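We will go from stop to stop, selecting a few residues each time.

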Amino acid sequence: MGTIWSSGEPKSREQIEMALPKAKEIVASNPVVVFSKTYCGYCAKVKKLFKELNVSYKLIELDEESDGDEIQSALAEWTGQRTVPNVFISGKHIGGCDGECFSSALLPFWLINIWLVSWYVTVELADSAVMEKHQAGKLVPMLTEAGAIANNSAQL
């Protein structure tokens, strides 16, 4: 889960098609990638975890990129996830933050309920949330295998 807000301007098919190869190249060229936004609390949670684990990763702050909205739209098409953080390890889409990251202050209650039910079903089926993987003991081995953690002693 995370932030879905963008500049609000619709992205053309051409803009998204130009951004998709860029996103795929970033993911292919780095063992761990986090697509983020500087103001996103959900992103901060994942970045904090990675800092605690001493993870070496490529950080793309979409709100600081001239084509950040286009990259986010391209990621949504590629992964099915529109929100940030959007995390990749060894080229595999891992997901974003877990349900604990969600803040209800931004959306009406009825919309949150509809969205959360949909989101939880998706996460449960995909087993993709970063925090869930960490809590299950799966994240550190993935990061170690990707070469993003020097040793396995970062078992926070």
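## Stop one: charged partners

Begin by selecting Lys-22 and Glu-65, whose side chains meet in a salt bridge (3.8 Å, N to O). The term salt bridge is used here for a side-chain nitrogen of Lys or Arg within 4 Å of a carboxyl oxygen of Asp or Glu. Side chains of opposite charge can pair when their charged atoms come close.

Before going on, a word on what you have open. This is a predicted model, in which local features need pLDDT of at least 70, side-chain atom pairs count only at pLDDT 80 or more, and totals for chains, interfaces and linings use all residues. Residues are numbered from 1 along each chain as its sequence is written, and side-chain values use heavy atoms, with hydrogens and water left out.

Asp-67 forms a salt bridge with Lys-22, with 3.1 Å between the closest N and O atoms. Asp-67 sits in the loop between strand 2 and helix 3, while Lys-22 is in helix 1, so this pair links distant parts of the chain, 45 residues apart. Helices (H or I, at least four residues) and strands (E, at least two) are DSSP runs, numbered from the N terminus. Together, Lys-22, Glu-65 and Asp-67 are linked in a network of salt bridges.

Are these residues buried, exposed or partly exposed? Buried means under 20% relative accessible area, exposed over 50%, and partly exposed in between (1.4 Å probe, protein chains only). Lys-22 is partly exposed, with a relative accessible area of 32%, and Glu-65 is partly exposed, with a value of 32%. Asp-67 is buried, at 19%.

## Stop two: another salt bridge

How many salt bridges are there by this rule? The count comes to 5. For one of them, select Glu-77 and Arg-13, whose closest N and O atoms are 2.5 Å apart. Because Glu-77 lies in helix 3 and Arg-13 in helix 1, the pair ties together parts that are 64 residues apart in sequence. Glu-77 is partly exposed, with a relative accessible area of 44%, and Arg-13 counts as partly exposed at 44%.

## Stop three: aromatic rings

Next, select Phe-35, Trp-78 and Phe-88, which form one aromatic cluster. The structure holds 3 aromatic pairs. Rings of Phe, Tyr and Trp (its six-membered ring) pair if their centres lie within 6.5 Å; planes under 30 degrees apart count as stacked, over 60 as edge-to-face and the rest as tilted.

Look at Phe-35 and Phe-88: their ring centres are 5.9 Å apart and their planes at 80 degrees, so the pair is edge-to-face. Phe-35 is in strand 1 and Phe-88 in strand 3, 53 residues apart. Phe-35 counts as buried at 0% relative accessibility, and Phe-88 is buried with a relative accessible area of 2%.

Turn to Trp-78 and Phe-88, where the ring centres are 5.0 Å apart and the planes at 20 degrees, so this pair is stacked. Trp-78 counts as partly exposed, at 31% relative accessibility.

## Stop four: His-93

Select His-93, in strand 4 (residues 92-95). At 23% relative accessibility, His-93 counts as partly exposed. What does His-93 contact, leaving aside its neighbours within four places in sequence? The residues are Thr-79, Gln-81, Asn-86, Val-87 and Phe-88, where contact means heavy atoms within 4.5 Å.

The side chain of His-93 makes a polar contact with the side chain of Gln-81 (3.1 Å). Another polar contact, of 2.7 Å, joins the side chains of His-93 and Asn-86. A polar contact is a pair of N or O atoms within 3.5 Å; within protein, one must be able to donate a hydrogen and the other to accept it, and residues adjacent in sequence count only if both atoms are side-chain atoms.

## Last stop: the nonpolar core

Finally, select Phe-35, Phe-50, Ile-89 and Leu-143, the residues with the most contacts inside the largest nonpolar core, which has 37 residues. Such a core is a set of buried Ala, Val, Leu, Ile, Met, Phe, Trp, Tyr and Cys residues joined through side-chain atoms within 4.5 Å. Among the elements giving two or more residues to this core are helix 1 (13-29), strand 1 (32-36) and helix 6 (139-145). Centre the view on Leu-143: not counting residues up to four places away in sequence, Leu-143 touches Val-32, Phe-50, Leu-53, Val-55, Ile-89, Ala-148 and Ile-149.
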